[in-house]
Amino acid sequence: MFLFTYLGYSQVGIGTDTPTPGYELDVEGSLLIQNHFKLENLESVNTESTNLNLLLRKSNSNPPGEVAKLDVKSISVAPVNIINYRFHNLNRDNVNNVNLQYDASKYIVGIANFRYEGQPIVKGRTGSNYTRLGYFVSRTFMQGGTWHLEIRNRERDSSNNDSIVYYVSLIVFDRNYFKELPPITANLYGFSIGSAPAPIGL
């Protein structure tokens with residue numbers, strides 16, 4: 001009597017009679033995940049790996065659990081966006097309040113890079129022993145429901161108009177991808193060192 005052992009390999013197709021070779025499961029049609037699915041880590045990505053997409057489980061689909069693909073290259077707003085601005089023909093050195101038109105309820109806007117070109121701002125003198133430098137500000141802030149930009153020396157001015165150019169890079173974050181934590185208040189009791197409460201929710 002001879003015993004033969006046969007090792008077989010099969011593929012499973014859902015919605016197809018001819019599963020794609022090399023895949024254990026080939027699904028033709030829609031995919032719905034009721035609870036959760038197991039994912040493996042992507043250990044490394046190089047700069048040439050541009051053909052990558054994100055898979056999302058939609059909790060607001062009907063029924064919940066549809067899987068959607070997020071292709072960052074095809075959407076108008078990505079989770080993180082970088083926009084470069086150039087401001088010229090200024091009144092002295094002053095960008096007092098520029099409405100950037102970003103909806104503050106949808107986006108978070110911060111300054112990532114800043115460059116100043118042109119005429120220096122001359123120091124001022126008050127009295128015989130005091131030289132006033134003023135103070136330079138570059139910031140984004142919310143006003144009237146949108147993000148605004150201020151870049152200037154609040155106390156000093158350049159000598160001439162249209163003598164300074166500002167280059168600034170803004171990072172615009174989509175609030176849908178971020179968890180906003182409650183404000184933290186720390187009392188330093190008049191000292192320059194101390195401790196702040198730990199963030200709630202991290």
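Visitor: The side chain of Thr140 reaches the backbone oxygen of which residue?
Guide: This is a predicted model, in which local features need pLDDT of at least 70 and side-chain atom pairs count only at pLDDT 80 or more, while totals for chains, interfaces and linings use all residues. Residues are numbered from 1 along each chain as its sequence is written, and side-chain values use heavy atoms, with hydrogens and water left out. Thr140 itself lies in strand S10, residues 136-143 (strands are DSSP runs of E with at least two residues, numbered from the N terminus). At 2.9 Å, the backbone oxygen that its side chain reaches belongs to Val109.

Visitor: Is Thr140 buried or exposed?
Guide: The cut-offs are under 20% relative accessible area for buried, over 50% for exposed, and partly exposed in between, with a 1.4 Å probe and protein chains only. If neighbours within four places in sequence are left aside, Thr140 is in contact (heavy atoms within 4.5 Å) with residues including Val109, Trp147 and Leu170. With a relative accessibility of 19%, Thr140 counts as buried.

Visitor: How many salt bridges does a search of the whole structure find?
Guide: A salt bridge is a side-chain nitrogen of Lys or Arg within 4 Å of a carboxyl oxygen of Asp or Glu. One of them joins Glu117 to Arg115, with the closest N and O atoms 3.0 Å apart; Glu117 is partly exposed at 34% relative accessibility, and Arg115 is partly exposed at 40%. Across the whole structure, the number of salt bridges found is 5.

Visitor: Which residues are joined with Glu150 into one network?
Guide: Glu150 counts as buried, at 1% relative accessibility, whereas Arg152 is partly exposed at 22% and Arg154 is partly exposed at 33%. Glu150 meets Arg152 in a salt bridge of 2.8 Å, N to O, and forms another with Arg154, where the closest N and O atoms are 2.8 Å apart. Through salt bridges that share partners, the residues joined with Glu150 into one network are Arg139, Arg152 and Arg154.

Note on methods:
Helix = DSSP H or I, 4+ residues; strand = E, 2+ residues; numbered from the N terminus. Polar contact = N/O pair within 3.5 Å; in protein donor to acceptor, adjacent residues only side chain to side chain.
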